[in-house]
Amino acid sequence: MIIKVLGPGCRNCRDLEAATRRALDELGTSAELEKVTDYPTIARYGVMATPALVIDERVVCSGRVPGADEITAFLLSASPPPT
Amino acid sequence: MAPATRALLANRMPTTRSGRWTMLTALAVGWVLAYGVNGWFWDRVFVDLLALDPSTRGTSAAHFFCYDLVKIALLLSGIIFVVTILRSFMSIERTRALLGGRREGVGNVAAGALGVVTPFCSCSAVPAFIGFVSAGIPLGVTLSFLIASPLVNEVAIGLLLSLFGLKVTALYVGSGLLIAIGAGWVLGRMRLERWVEPFVFETRLDGQVIDATAGLTFEQRIRMGFEEVGSVLRRIGPYLVVGIGIGAAIHGWAPEDLFTRYAGPGAVLGVPIAVLIGIPLYSNAAGILPLVESLHDKGMPMGTLLAFMMAVVALSLPEMILLRQVLKVQLLAIYVGVVALGIIGVGYLFNVVLA
């Protein structure tokens with residue numbers, strides 16, 4: 001799973017990155033977390049309001065910092081835990 | 001918002017519908033009480049508890065500072081909370097869809113109006129600009145949106161209403177929209193597309209557009225409201241303290257006729273000077289209004305003050321640096337010039353209308 005946090009580096013983007021890391025740790029999921037800060041790339045995802053969360057090249061949330069429970073739900077639906 | 005606070009808030013949020021309404025009602029009652037006893041409370045603290053003479057300059061300034069800080073913080077919290085929930089039904093994606101295919105003129109008017117209601121943070125100015133222009137929205141229409149958004153927002157409207165009343169607020173909103181629509185239209189007519197960084201037009205939007213606020217539950221909207229209050233207060237806190245501090249110093253020490261002498265209705269150059277001072281300064285409506293309030297008490301004309309406030313919130317160095325990534329210096333200079341001229345015109349108009 002490749003996760004990207006889109007945003008120029010304002011406080012909201014850092015909050016989202018930290019929250020995503022925590023959610024990953026709690027789930028025990030290993031994933032690559034990448035920060036995308038350059039505007040042309042951000043725009044190419046169709047994102048007009050930062051921060052945005054991208055999981056496996058799919059934008060799941062933009063324009064706000066979602067709650068921890070929401071992030072967990074995004075991560076789970078992208079990669080269901082092994083049963 | 002800090003992760004710890006966020007977690008705390010998430011756990012504290014009542015989970016039932018009635019629980020949420022009880023909490024909101026309790027908060028509203030607490031807010032009204034706090035707002036009501038604010039003046040009385042600081043009178044007791046300064047006069048009865050500290051036994052200070054309220055007519056001395058120092059005491060008067062300190063009293064003004066404490067009273068105003070609590071008043072503005074309460075007003076801001078209430079306004080931001082309500083506005084965030086209302087705005088969560090709008091989004092930048094919906095705004096772009098509404099503006100798509102509109103011609104200049106009508107498009108400028110729509111962009112100005114949508115700039116007021118769309119939730120928008122200035123750190124998103126660049127992706128929004130790219131998103132608008134690459135979707136085929138004319139440059140002038142896009143600029144109308146970018147001017148209106150910081151200039152006329154609901155937080156400024158709410159604060160102006162509570163501090164200065166309906167007439168000043170209506171004039172501010174009307175003229176702010178006029179500047180956004182007019183400046184955007186003029187800039188569009190100038191055909192300045194050659195001074196937009198080329199990559200903007202080359203950007204292809206591959207990703208699927210996701211609506212930032214669609215399908216949220218009411219609980220999520222309430223939570224967004226609380227988080228926005230915390231995040232805005234923390235972000236603008238320093239500006240607020242500095243603004244109210246300067247306001248308090250002016251309240252206590254500035255001689256009554258200082259501004260009427262140098263920037264009063266008779267001072268012809270008051271408006272352009274106020275705008276020139278305001279352009280590089282960076283603050284938002286909430287940080288600048290306490291200062292405006294105390295300058296007004298000292299006799300500075302309202303038009304000059306509103307022009308100053310508009311220059312501070314609509315044009316700022318940090319925003320120019322951000323926009324420089326998509327606009328070339330020439331276009332940026334014309335942009336600042338046109339908006340500044342509009343603000344100066346409005347300042348003179350206000351000084352005449354409100355005299």
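## Where the two chains meet

Let's start at the contact, to which chain A brings 28 residues and chain B 33 residues; contact here means heavy atoms within 4.5 Å. This is a predicted model, where local features need pLDDT of at least 70, side-chain atom pairs count only at pLDDT 80 or more, and totals for chains, interfaces and linings use all residues. Residues are numbered from 1 along each chain as its sequence is written, chains are lettered from A and ligands numbered from 1 in the order in which they are written, and side-chain values use heavy atoms, with hydrogens and water left out.

The size of an interface is often given as the accessible area lost when the parts come together. Between chain A and chain B the buried area is about 2,400 Å², with 56% of it coming from carbon and sulfur atoms. That area is the accessible area (1.4 Å probe) that two parts lose on being put together, summed over both.

## What links the chains

How many salt bridges does the rule find across the interface of chain A and chain B? There is one, between A:Asp69 and B:Arg223, whose closest N and O atoms are 3.5 Å apart. To count, a side-chain nitrogen of Lys or Arg must be within 4 Å of a carboxyl oxygen of Asp or Glu.

On the chain A side, α1 (11-27), α2 (39-44), β4 (58-62) and α3 (68-78) each supply at least two of the residues that touch chain B. Helices (H or I, at least four residues) and strands (E, at least two) are DSSP runs, numbered from the N terminus. Sorted by class, this side of chain A has 15 nonpolar, five polar and eight charged residues. Here Ala, Val, Leu, Ile, Met, Phe, Trp, Tyr, Cys and Pro count as nonpolar, Asp, Glu, Lys and Arg as charged, and the others, Gly among them, as polar.

## Empty spaces

Rolling a probe the size of a water molecule over the atoms shows where empty space is left. The search covers a 1 Å grid over the protein atoms alone: a cavity is a set of points where a 1.4 Å probe fits but cannot get out, a pocket is an open set with protein on both sides within 12 Å along at least five of seven lines, and lining residues have an atom within 4 Å of a point. Points are joined across faces, edges and corners, and a volume is the space filled by probe spheres set on them.

The whole structure has one cavity of 30 Å³ or more, and the largest cavity holds about 70 Å³. Its lining includes A:Arg64, A:Glu70 and B:Arg223, with helix α11 (residues 218-253) of chain B giving the most, four residues. The second largest pocket has about 390 Å³ of space. Of its 14 lining residues, those nearest the centre include B:Trp31 and B:Phe81. The lining has 11 nonpolar, three polar and no charged residues, and α3(B) gives the largest share, six residues.

## Details inside chain A

Over all chains there are 14 salt bridges. One of them pairs A:Glu57 with A:Lys4, with the closest N and O atoms 2.8 Å apart. A:Glu57 is in the loop between β3 (52-55) and β4 and A:Lys4 is in strand β1 (residues 2-6), so the pair ties together parts of chain A that are 53 residues apart in sequence.

Most residues other than glycine have a negative phi, and most peptide bonds are trans. Yet A:Asp56, not a glycine, has a positive phi of about 45°, and a cis peptide bond (omega about 0°) joins A:Thr50 and A:Pro51.
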